[in-house]
Amino acid sequence: MSHRAHDYRYLIERWRAVARKTGIPLRSLGRTDGFEHFYLRTPALTASGGIYFSAGIHGDEPASTEALITWAEQQGRKLRDLPLFLFPCLNAWGLVQNVRLTLQGADLNRSFHRTDIPVIEAVKKAVAGHQFDAAVMLHEDYDGQGVYLYEVQRLQPYWGEALLTAARVHLPTDPRPKIDGRMVANGIHRRRIDRRRFARIGYPEAVWLHLEHSARSFTVETPSEFALELRVAAHIAVIEDVIYRVRR
Ligand SMILES: [Zn+2]
């Protein structure tokens, strides 16, 4: 296990190696805050279906970026056969600095209603026209006491419980009944989109995806005071379970 989780250059070296091995191009999202950002689109992806995965939108949540690359490395050439959009790290400056926000002080996960943030505009352009079966945003919480997730309410049966069960092999479910002022039951906050609330606080990535691009949307949180290896393993368990559910 690498302990260079905040080393963006190394992270991208690893993604370049995945790109070389699989023949999936590492595509640019342009430069923001002095760093080039990237995405990958597997050849198995068509305009409808597949999964959107993103990591590192908050720079102080390193298990997210570490999990996505570690999982991708484990797939080898099989990665080509999975229908995926992958965003390895959306806030490279934040990852290097170990801070949540961007150099300009923006919380990218409250900024998807904006049109003046280059990396977000690049993400929107990259996925334009795609309709996903599921979108999974990998996050961490420094107050976390276990794994929990947000599932936007739409399709049933819900998947949240199964995803936490998969993660529980590595980390417990967060027992708190209330997280960031919101009610959570057994590690799951399931919500409908309250447009007024998000007009006030700004649009998270999950809300934008729910409204425009994805049937299901999950924001997965691991507890950042726990061991990195366990947080990475928990995220990978969720990634694999979502892929299993989309493909069966
Ligand atoms: Zn976060």
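**Close-up views of a predicted model**

View 1. Leaving out residues up to four places away in sequence, Trp 71 touches Leu 79, Leu 82, Leu 84, Ile 236, Ile 239, Glu 240 and Ile 243, where contact means heavy atoms within 4.5 Å. The model is predicted, so that local features need pLDDT of at least 70 and side-chain atom pairs count only at pLDDT 80 or more, while totals for chains, interfaces and linings use all residues. Residues are numbered from 1 along each chain as its sequence is written, and side-chain values use heavy atoms, with hydrogens and water left out. Trp 71 is also one of the residues, with Trp 15, Ile 51, Phe 53 and Val 242, that touch the most other members of the largest nonpolar core, which has 49 residues. Helix α8 (residues 228-247) gives the most to this core, with nine residues. A nonpolar core is a set of buried Ala, Val, Leu, Ile, Met, Phe, Trp, Tyr and Cys residues joined through side-chain atoms within 4.5 Å, and buried means under 20% relative accessible area, exposed over 50% and partly exposed in between (1.4 Å probe, protein chains only). Helices (H or I, at least four residues) and strands (E, at least two) are DSSP runs, numbered from the N terminus.

**View 2. The largest pocket.** The largest pocket has a volume of about 420 Å³, and of the 26 residues that line this pocket, His 58, Arg 100, Arg 110, Asp 180 and Glu 221 are the closest to its centre. On a 1 Å grid over the protein atoms alone, a pocket is an open set of points where a 1.4 Å probe fits, with protein on both sides within 12 Å along at least five of seven lines, and lining residues have an atom within 4 Å of a point; a volume is the space filled by probe spheres set on the points, which are joined across faces, edges and corners. At least two lining residues come from each of β5 (132-141), β6 (148-152), α6 (195-201), α7 (205-212) and β10 (214-223), and β5 supplies the largest share, four residues. The lining divides into eight nonpolar, four polar and 14 charged residues, with Ala, Val, Leu, Ile, Met, Phe, Trp, Tyr, Cys and Pro counted as nonpolar, Asp, Glu, Lys and Arg as charged, and the others, Gly among them, as polar.

**View 3. The second largest pocket.** This pocket, with a volume of about 210 Å³, is lined by Tyr 8, Arg 9, Ile 12, Arg 16, Arg 31, Gly 34, Phe 35, Glu 36 and Phe 38. Both α1 (8-22) and β2 (35-41) supply at least two residues of the lining, to which α1 gives the most, with four residues.

**View 4. Ser 111 and helix α4.** Ser 111 lies in the loop between α3 (92-97) and α4 (118-127) and counts as buried because its relative accessibility is 3%. Leaving aside neighbours within four places in sequence, Ser 111 is in contact with Ala 106, Ile 117, Ile 120 and Tyr 203. Seven of the ten residues of α4 are buried, so this helix is largely enclosed by the rest of the structure. The buried residues of α4 pack against β1 (27-32), β2, β3 (51-54), β4 (84-87), β5 and α7. Just after α4, Gly 129 takes a positive phi of about 90°.
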